[in-house]
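Hi everyone, and thanks for making the time. I'd like to walk you through a protein chain that may be new to you, so please have a look at the screen.

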Amino acid sequence: MCLIMEAADDHNVDGGVLAAPSNFSMVEDGIYRSGFPKPENFGFISTLNLRSIIYLCPEPYPEENLKFLEANNIKLFQFGIEGKTDPPTPMPKDTVLDALRVLVDVRNHPILIHCKAGKHRTGCLVGCLRKVQSWCLSSVLEEYQKNAGLKWRQRDLNFIEAFDTASLRQCLLSIMYRYHGYGFKRKRLVHEEENVQTLKPQAAKV
């Protein structure tokens, strides 16, 4: 299930020391990844001029973070993926596919992907994106392991390897999104936009 929130106001965040969230990096032009943003990271995030955030945890988004999104007119897409390890929770394919549909739609860029640590759930989503981009599997898995560090999970590698990009066919037909290389400037939408139902920011449980 996806919870979509869209802000209406446009305000600036007060200046201060620019501190990036943990595990922050650029996936490619217009796509970023990180751990959970804290209030001390808001100044840095505001410099990214984000349109959207993909949040991959089931817990409600903190009120302070929601206010920041509202002040900066950032849309929140929440996909509640459990991150339990005891017992291990399998990665839900349909939920990842829904998140991937949001991620490949350039109308949502610039966009930040994050979970709690920015390693496993985020890494799986980025890995599936790389398969859509036709990266060779060894490079996809290497990127996942590099970002997950010593805490990489074999089941995540198995999920990425087994993920079938053909399941995105309906999505690609609906928004007619095409990759032309990996750079943001080489991407384009070639058809009409589909309607997206949105809600205003509010603390909510999915």
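Let's begin with Ile 53, whose bridge partner in strand E5 is Leu 76. This is a predicted model, by the way, so please keep that in mind throughout. Strand E4, residues 52-55, and E5 run parallel, and 4 bridges join them. Together with helix H2, these two strands make a right-handed β-α-β unit.

Is Leu 69 buried or exposed? The relative accessibility of Leu 69 is 2%, and because buried means under 20%, Leu 69 counts as buried. From Leu 69 to Leu 50, the C-alpha to C-alpha distance is 9.4 Å, and the two are 19 residues apart in sequence.

Next, two asparagines in loops. Asn 49 sits in the loop between helix H1, residues 42-46, and E4, and Asn 73 sits in the loop between H2 and E5. Phi is near 55° for Asn 49, a positive value in a residue other than glycine. For Asn 73, phi is likewise positive, near 55°. How about their surroundings? Asn 49 is exposed, with a relative accessible area of 59%, whereas Asn 73, at 37%, counts as partly exposed.

Several residues in H3 are buried, including Val 96, Leu 100, Leu 103 and Val 104.

What is the peptide bond from His 109 to Pro 110, cis or trans? This bond is cis, with omega near -5°.

Now for the charged pairs. A search of the whole structure finds 2 salt bridges. One joins Arg 107 to Asp 105, with the closest N and O atoms 2.3 Å apart. Arg 107 is buried, at 16% relative accessible area, and Asp 105 is buried too, at 5%. The other joins Glu 143 to Arg 130, where the closest N and O atoms are 2.9 Å apart. Glu 143 lies in helix H5, residues 137-148, and Arg 130 in helix H4, residues 121-132, so this pair ties together parts that are 13 residues apart in sequence. Both Glu 143 and Arg 130 are buried.

Finally, let's zoom out. The chain has 206 residues, 45% of them buried, and its secondary structure comes to 7 helices and 8 strands. Among contacts with a separation of 6 or more, 70% are between residues 24 or more positions apart. The accessible surface comes to about 10800 Å², with 49% of that belonging to carbon and sulfur atoms.

Notes:
Residues are numbered from 1 along each chain as its sequence is written. This is a predicted model: local features need pLDDT of at least 70, side-chain atom pairs count only at pLDDT 80 or more; totals for chains, interfaces and linings use all residues. Side-chain values use heavy atoms; hydrogens and water are left out. Buried means under 20% relative accessible area, exposed over 50%, partly exposed in between (1.4 Å probe, protein chains only). Contact means heavy atoms within 4.5 Å. Accessible areas come from the Shrake-Rupley method with a 1.4 Å probe; for residues, only the protein chains shown count as cover. A salt bridge is a side-chain nitrogen of Lys or Arg within 4 Å of a carboxyl oxygen of Asp or Glu. Two strands pair if DSSP finds at least two bridges between them. A crossover is right-handed if, with the strands pointing away from the viewer, the path from the first strand over the helix to the second runs clockwise.
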